[in-house]
Amino acid sequence: MDIKKTVAQMTLEEKCSLLSGADFWRTRPVERLNIPAVMVSDGPHGLRKQAEGGDHLGINDSIEAVCLPTASAAAASFDRDLCRQIGEAIGDACQHEKLAVNLGPAINIKRSPLCGRNFEYYSEDPYLAGELATAHTKGLQSRNVGVSVKHFAANSQENRRMSTSAEVDERTLREIYFPAFEKVVREGKAWTVMCSYNRINGVYSSENPWLLKKVLRDEWGFDGYVVSDWGAVNDRVKAVAAGLDLEMPSSGGSNDRRVMEAVRAGLLDEKDVDACVENILRIHMRYVENAKPETVWDKESQHELAGRLASECMVLLKNEDGILPLKQEEKVAVIGRFAAVPRFQGGGSSHINCFRITSLMDELKDQPGVSYAQGYDIADEKPDEALIAEAVKAAAAADKAVIVAGLPDSFESEGYDRTHLRIPACQTELICRVAEANPNTVVVLYNGSPVEMPWLDKVKGLIEGYLGGQAIGTATANVLYGRVNPCGKLPETFAVKLEDTPCFLSYEGEGDTGVYNEGVFVGYRYYDKKKMNVLFPFGYGLSYTKFAYGGLKLSAPAIMDTDRLTVSVDVTNTGSVKGKEVVQLYVGDVQSTVFRPVRELKGFEKIELMPGETKTVTFELDKRAFAYWNTTLHDWHVETGDFRIEICSDSRTVLLSETVRVESTVNVPVKYTVNSIFADLMGNRKAMEVLGPILKNGIFGGGEDKKESDTAKEAISDEMSKAMLMYMPLRAIASFSGGQLTYEALQAMVDRINEQ
């Protein structure tokens with residue numbers, strides 16, 4: 001289709017009809033010009049295709065599909081290839097079901113563990129989120145189906161999500177909340193972007209031209225279309241002008257008429273409408289012209305894939321006395337309702353109608369020596385004494401006890417936030433009682449976000465399973481019995497308690513205003529800066545083998561910020577079993593004039609090693625690895641100085657470190673005024689040339705010949721004088737010079753200093 005020619009042939013009414021859906025999931029056709037309707041579907045870890053009775057909260061049934069590991073689990077894999085496979089599987093399903101776009105991945109930053117939708121998001125770290133989401137995007141779009149990366153932007157809470165204003169400063173947006181989207185757009189070439197419900201600094205995302213045009217299109221080169229989150233449009237006319245192309249779901253034609261009337265009244269340029277229509281048609285025809293409804297959707301194969309991938313996502317957090325892996329001959333009491341009826345996905349728009357679910361007990365039903373006790377119910381938090389007694393009895397009779405615990409659907413879901421970090425009281429009581437009856441107790445958690453663990457010191461083993469998809473039982477058994485060596489790492493920090501979290505004082509905000517007071521210090525950036533005790537740091541995860549690091553090398557001891565730095569490190573499997581290791585590279589500015597984190601993740605690679613095998617892992621770092629967002633330049637900037645290159649096992653544990661000097665090629669313009677203080681001026685050569693005579697002649701106190709009494713020296717020492725001078729504004733010279741220097745003369749001196 002010649003898009004521009006087609007749009008030129010359309011009437012204004014036809015154009016406006018394409019700017020909103022025909023119903024909940026379909027766009028409108030224009031039969032006269034052979035423009036077909038297309039269908040989209042919720043995601044992002046499977047299909048929630050609804051043929052009839054559409055809704056956006058998972059209330060109505062959808063077709064049977066495959067639930068792959070959710071983003072909370074996939075992120076723990078630190079594995080780009082794994083995320084690509086998830087995307088490919090969903091892409092095949094979309095082609096089979098004649099779907100043009102799958103709504104996902106969801107890449108909002110986990111600002112707080114309270115966010116009810118965290119199970120659908122990747123990480124507290126923008127680099128990790130961006131890398132994994134880009135891999136997912138490339139995988140899915142390799143099937144000629146589009147992603148709709150969401151929710152752009154700063155949608156990190158569910159409370160008042162459709163009305164709240166995220167008050168976020170420029171640097172924080174650029175360093176924390178934008179980079180993952182930028183990566184998916186620039187490198188992943190995302191077909192569509194979904195705007196968020198919320199406002200950003202007072203402006204709805206759906207009608208924010210700075211967000212949707214300047215940043216997304218002009219800076220990042222986005223060439224797809226922007227779709228609203230379902231019901232996110234505030235003012236459709238403003239939204240068209242701002243670059244919101246497609247409104248979903250259908251407005252019943254009312255907003256289409258408003259747009260048409262605005263054009264006819266001269267309140268909206270028809271070129272803005274044309275641009276939206278062109279964007280929509282470009283993407284939809286990309287699907288239509290490459291549609292392959294004959295694509296096989298092998299659900300059985302994808303179920304097996306879900307189990308394999310979930311095994312790679314599980315994180316071993318504690319393994320005291322080598323309690324894991326379990327041995328085939330051991331008597332094991334498996335306890336917990338989630339062992340038989342697992343929780344493996346979240347509630348809301350991403351909820352998949354699974355064609356099959358495999359629980360841990362499904363996997364272990366034929367395993368000799370395995371017993372089962374329910375332990376708790378999810379209908380009530382209150383401990384059930386009969387269920388606990390049954391579990392304690394089973395645990396006491398076994399060699400080891402495995403408790404499968406976690407968060408029920410009611411604790412975390414789209415639409416509302418959590419109010420605490422606790423697991424249900426009945427589960428906490430169960431863990432404590434079982435561990436008392438059998439000290440060889442292991443806990444497996446199924447949850448989409450961190451929890452507090454007052455029982456941690458009572459158990460010997462702990463596995464974080466997150467919400468791993470419909471085959472989570474297979475994955476759990478694989479890791480428990482060592483059929484798979486655990487290789488996941490935490491994509492977020494687990495705080496000791498809610499009050500420790502970075503935005504505890506301001507999360508959810510006051511009324512419809514949420515101020516992001518913590519700035520760039522989100523997640524580990526905050527905890528590490530404060531040296532705060534945490535349960536488990538970002539990037540943490542154990543293995544059934546051991547790894548040794550050595551041979552850290554940098555390609556140069558010093559570089560310009562326009563150069564690339566190559567970093568290599570050797571990793572050896574020093575244990576007795578095959579295993580995978582996530583090699584993590586962090587960068588830290590040794591001395592900065594702006595507040596910066598201690599270190600930030602700037603590279604990771606996952607490698608597999610046989611016992612005794614060594615591999616060399618190589619990273620390439622560009623300017624962005626060293627830069628911060630400079631609000632004077634409104635651009636990324638590297639300050640000249642030394643940077644630490646750190647190879648870590650997690651954000652807290654530095655294994656190897658080297659220093660590189662980076663020279664900046666950009667001078668940040670500084671404009672001095674009479675209110676500039678001497679501490680800032682003294683770092684400027686030109687300023688010292690101009691001000692030198694004043695300082696030398698002692699103009700403040702009547703000249704260098706003035707003698708000070710001993711009493712005066714006691715009142716104000718030389719050190720105190722120097723300190724006061726450092727923080728004194730230039731204009732003070734006029735006051736303290738006894739009339740020797742006028743304000744006008746000072747202004748002339750400032751003008752000379754600024755002539756650089």
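Rings of Phe, Tyr and Trp (for Trp, the six-membered ring) are said to pair if their centres lie within 6.5 Å, and the planes make a pair stacked when under 30 degrees apart, edge-to-face when over 60, and tilted for the rest. By this rule, Phe 78, Tyr 127, Tyr 524, Phe 538, Tyr 586 and Phe 604 form one aromatic cluster. The structure is a predicted model, in which local features need pLDDT of at least 70 and side-chain atom pairs count only at pLDDT 80 or more, while totals for chains, interfaces and linings use all residues. Residues are numbered from 1 along each chain as its sequence is written, and side-chain values use heavy atoms, with hydrogens and water left out.

How confident is the prediction? On pLDDT, the predictor's confidence in each residue from 0 to 100, the protein chain has a mean of 93, and 95% of its residues reach 70 or more. Over residues 701-706, however, pLDDT stays under 50. For this stretch the model has 7 contacts (heavy atoms within 4.5 Å) beyond four places in sequence.

Back to the rings: the whole structure holds 18 aromatic pairs. One of them joins Phe 152 and Phe 181, a tilted pair with 5.0 Å from centre to centre and 50° between the planes. Helices (H or I, at least four residues) and strands (E, at least two) are DSSP runs, numbered from the N terminus. Phe 152 belongs to strand β4 (residues 146-152) and Phe 181 to helix α7 (residues 179-186), 29 residues apart. Both are buried, meaning under 20% relative accessible area, against over 50% for exposed and in between for partly exposed (1.4 Å probe, protein chains only). Phe 152 also meets Trp 220: the ring centres are 5.8 Å apart and the planes at 50°, so this pair is tilted. Trp 220 is buried too.

A nonpolar core is a set of buried Ala, Val, Leu, Ile, Met, Phe, Trp, Tyr and Cys residues joined through side-chain atoms within 4.5 Å. The largest has 186 residues, of which Tyr 122, Phe 152, Ile 335, Met 453 and Leu 480 touch the most other members. Helix α11 (residues 270-288) gives the most to this core, with 8 residues. Apart from it lies another core of 27 residues, including Leu 565, Val 583, Val 617 and Phe 619.

Finally, an open sheet is formed by 3 strands in the order β20-β22-β25, with antiparallel pairing (strands pair if DSSP finds at least two bridges between them). β20 (547-554) and β25 (614-621) stand at the edges with a single partner strand each, so one side of each lacks a neighbour in the sheet. Strand β22 (residues 565-573) is joined to β25 by 8 bridges, and Val 571 stands opposite Lys 615 in β25.
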